[in-house]
Amino acid sequence: MIKLPHNAKEAIKLQNEVRSFVRIRDYPNIAQIRFIGGVDVAYFSRKMTSAYAVAIIWDRFSGEVIESAYAERNVTFPYIPGLLSFRELPVIIDAYDKLSLKADIWMIDGAGVAHPRGLGIASHFGVVLDLPSIGVAKSRLVGNHLHVPRNKGSWVPLWQDKKVIGHVVRTRSKVRPLYVSPGHKISVRQATELVLVCCTRYRLPEPTRLAHHLVTRRAHSL
């Protein structure tokens with residue numbers, strides 16, 4: 001279970017400690033991956049203190065969600081940029097624990113190692129649960145990059161301190177790109193390749209897009 005800090009200073013210290021456990025490396029037999037997990041969180045109180053999370057298992061070959069699980073939790077850690085995992089990871093793990101099936105790899109709506117301290121929510125998730133994970137972020141937290149060509153499937157490296165920490169990926173033609181970075185136990189290139197495989201007609205890859213759809217519908221039904 002994730003250790004919850006009392007304040008931002010303590011959270012940053014914990015991030016720097018957990019970061020040392022992140023492993024960026026090739027995932028074996030990536031072409032054979034079938035079950036991909038996706039998670040998302042929605043809030044259902046005006047003060048953003050109560051949250052729902054959904055964890056899904058998506059079948060890459062059939063294109064169907066074969067299992068989903070929900071969890072609800074009061075959120076105690078405040079919203080602070082760069083410290084999202086301490087706010088949302090506890091309820092995400094609650095939902096994950098309810099699944100009977102397990103995914104080969106997980107896609108998280110947020111950063112992997114493309115993070116100010118190299119530990120975005122996808123990396124934190126991967127280390128805590130010892131699972132391969134990919135961060136799929138809609139905006140850039142760190143790094144620099146060149147212009148991404150406008151056609152679907154195009155990408156450019158995301159650089160920080162002369163190191164490639166991810167890719168900026170055009171998942172639909174003429175649509176804003178995504179910032180893809182490995183979370184844990186997968187390489188930069190593999191993370192991008194798998195995200196592109198999982199993008200069908202939409203900007204977001206199916207595991208996170210469908211998780212977002214389900215948790216938003218659940219929160220709005222309250």
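Q: In which sense do E6 and E7 pair, and over how many bridges?
A: Strands of a sheet pair through backbone hydrogen bonds, either parallel or antiparallel. Here E6 and E7 pair in the antiparallel sense over 6 bridges; two strands count as paired if DSSP finds at least two bridges between them. Strands (E, at least two residues) and helices (H or I, at least four) are DSSP runs, numbered from the N terminus. This is a predicted model, in which local features need pLDDT of at least 70 and side-chain atom pairs count only at pLDDT 80 or more, while totals for chains, interfaces and linings use all residues. Residues are numbered from 1 along each chain as its sequence is written, and side-chain values use heavy atoms, with hydrogens and water left out.

Q: Which residue stands opposite valine 156, and how many residues lie between E6 and E7 in their hairpin?
A: Valine 156 stands opposite valine 168 of E7. The hairpin of E6 and E7 has 2 residues between the strands, and aspartate 161 in the turn has a positive phi of about 55 degrees.

Q: What is the order of the strands in the open sheet?
A: The open sheet has 8 strands in the order E3-E2-E1-E4-E5-E8-E7-E6, and its pairing is mixed. Strand E3 (65–74) and strand E6 (155–160) stand at the edges with a single partner strand each, so one side of each has no neighbour in the sheet. From one strand to the next, the twist averages 25 degrees.

Q: How many bridges join E1 to E4, and which residue is the partner of valine 39?
A: Strand E1 (residues 35–43) and strand E4 (residues 105–108) run parallel and are joined by 4 bridges. Valine 39 has isoleucine 108 of E4 as its bridge partner.

Q: Which strands does helix H3 touch, and across which strands does helix H4 lie?
A: Contact means heavy atoms within 4.5 Å. Angles run from 0 to 180 degrees between N-to-C directions, with axes fitted to C-alpha atoms, for helices over the stretch in contact. Helix H3 (residues 121–129) packs on the sheet and touches E4, strand E5 (133–137) and strand E8 (178–184); its direction makes about 165 degrees with that of E5. Helix H4 (residues 188–198) lies across E1, strand E2 (50–59), E4, E5, E6, strand E7 (163–169) and E8, and runs at about 10 degrees to E7.

Q: How many aromatic pairs are there?
A: A pair of aromatic rings is described by the distance of the centres and the angle of the planes. Rings of Phe, Tyr and Trp (its six-membered ring) pair if their centres lie within 6.5 Å; planes under 30 degrees apart count as stacked, over 60 as edge-to-face and the rest as tilted. The count comes to 4 aromatic pairs. In one of them, tyrosine 96 and tryptophan 106 have ring centres 5.5 Å apart and planes at 70 degrees, so the pair is edge-to-face. This pair links distant parts of the chain, with tyrosine 96 in helix H2 (residues 84–97) and tryptophan 106 in strand E4, 10 residues apart.

Q: What is the volume of the largest pocket, and which residues lie nearest its centre?
A: On a 1 Å grid over the protein atoms alone, a pocket is an open set of points with protein on both sides within 12 Å along at least five of seven lines, a cavity is a set where a 1.4 Å probe fits but cannot get out, and lining residues have an atom within 4 Å of a point. The largest pocket holds about 590 Å³ of space. Its lining has 29 residues, of which Tyr79, Leu84, Glu88, Asp109 and Gly110 lie nearest the centre. E1 and H2 are the elements that give two or more residues to this lining, and H2 gives the most, with 5 residues.

Terms used:
Grid points are joined across faces, edges and corners, and a volume is the space filled by probe spheres set on the points.
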